[in-house]
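Dear colleague,

I am passing on the structure we spoke about, and I would be glad if you could look through it before reading my notes.

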Amino acid sequence: FRYAGVAELNVTLGLPRLIEIVDARKSPSTPVMNIYLDEDHSNSEKKAREVAQKLTYTVIDDVIDTVNVDLREESVKFTVNTSAMDTLGVDVKDIEKAMPLKHSKDDELTFVVGLEEDKTRDPDSIIETVTEARIKGIEEINRVLTTIEGGEWMIRTDGSNLEGVLNIDGIDPSRTTTNNVHEIAEIFGIEAARNSLIMEAHNVLSEQGLDVDIRHVMLVSDIMTKTGEVQQIGRHGISGEKSSVLARAAFELTIQ
């Protein structure tokens with residue numbers, strides 16, 4: 001039951017992960033992606049970080065320093081944090097694109113929203129609308145980590161959105177993977193999902209130091225994907241479809 005902190009990314013391993021795989025859970029408890037880059041981007045840390053900044057889902061809240069409600073002027077003032085903006089690769093124009101905000105007269109880094117712009121004149125709803133506005137990035141990708149592996153730069157993510165990531169420039173779509181098997185089945189088809197099941201299960205077993213012949217894993221993956229959809233091993237999937245009543249009763253929920 002150990003969790004591997006891959007340089008602070010939390011990944012489920014061991015028995016819990018194996019159960020997730022054979023149960024064909026709709027989404028893993030810790031979705032992660034390994035994103036490989038094309039030749040131009042994988043040799044340079046700077047270029048790899050540029051791709052990583054495009055991926056991270058960033059909202060205005062991530063770059064705000066303080067929020068003040070000014071009742072005298074009947075407005076809400078948002079002050080942005082320049083160092084957070086540098087880290088996330090965001091500039092003032094990006095914020096203006098995300099939300100048409102007016103600048104404060106005396107401070108370039110403060111944006112003002114008048115309460116009259118919201119019919120309810122409720123500062124909370126204005127704060128919520130502004131802070132949740134998307135600046136850039138792909139939904140579901142909460143954090144990214146650029147690391148060097150095998151002499152090339154690659155990106156690991158906390159969160160998974162395969163379809164969104166494949167549309168980003170600079171990524172090598174032929175090697176980019178996610179640990180969400182259903183997502184792979186949906187985008188690349190059932191054969192890719194079968195390969196993914198084999199890889200995921202084999203990695204879990206070998207990480208625990210268990211030497212299980214790959215053919216056993218391949219057999220399980222074949223059975224799970226033989227209908228053209230990813231099915232679980234349990235009574236709602238493979239075992240529930242056995243033609244013999246006795247075979248089904250021997251498995252689970254005998255009385256039913």
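Below are notes on a sheet, the helix beside it and the nonpolar cores.

Please bear in mind that this is a predicted model, in which local features need pLDDT of at least 70 and side-chain atom pairs count only at pLDDT 80 or more, whereas totals for chains, interfaces and linings use all residues. Residues are numbered from 1 along each chain as its sequence is written, and side-chain values use heavy atoms, with hydrogens and water left out.

Helices (H or I, at least four residues) and strands (E, at least two) are DSSP runs numbered from the N terminus, and two strands pair if DSSP finds at least two bridges between them. An open, antiparallel sheet is formed by 4 strands in the order β5-β6-β8-β7, with β5 (64-70) and β7 (102-103) as the edge strands, each pairing on one side only. Between β7 and β8 (residues 110-114) there are 2 bridges, and Lys102 stands opposite Val112 in β8. Helix α6 (residues 123-131) packs on this sheet, touching β5, β6 (75-80) and β8 (contact means heavy atoms within 4.5 Å), and its direction makes about 30° with that of β6; axes are lines fitted to C-alpha atoms, for helices over the stretch in contact, and angles run from 0 to 180 degrees between N-to-C directions.

A nonpolar core is a set of buried Ala, Val, Leu, Ile, Met, Phe, Trp, Tyr and Cys residues joined through side-chain atoms within 4.5 Å, where buried means under 20% relative accessible area (1.4 Å probe, protein chains only). In the largest one, of 18 residues, Ile60, Ile95, Leu101 and Val130 touch the most other members, and β6 gives the largest share, 3 residues.

Best regards

How values were computed: Buried < 20%, exposed > 50% of the residue type's maximum accessible area, 1.4 Å probe, protein only.
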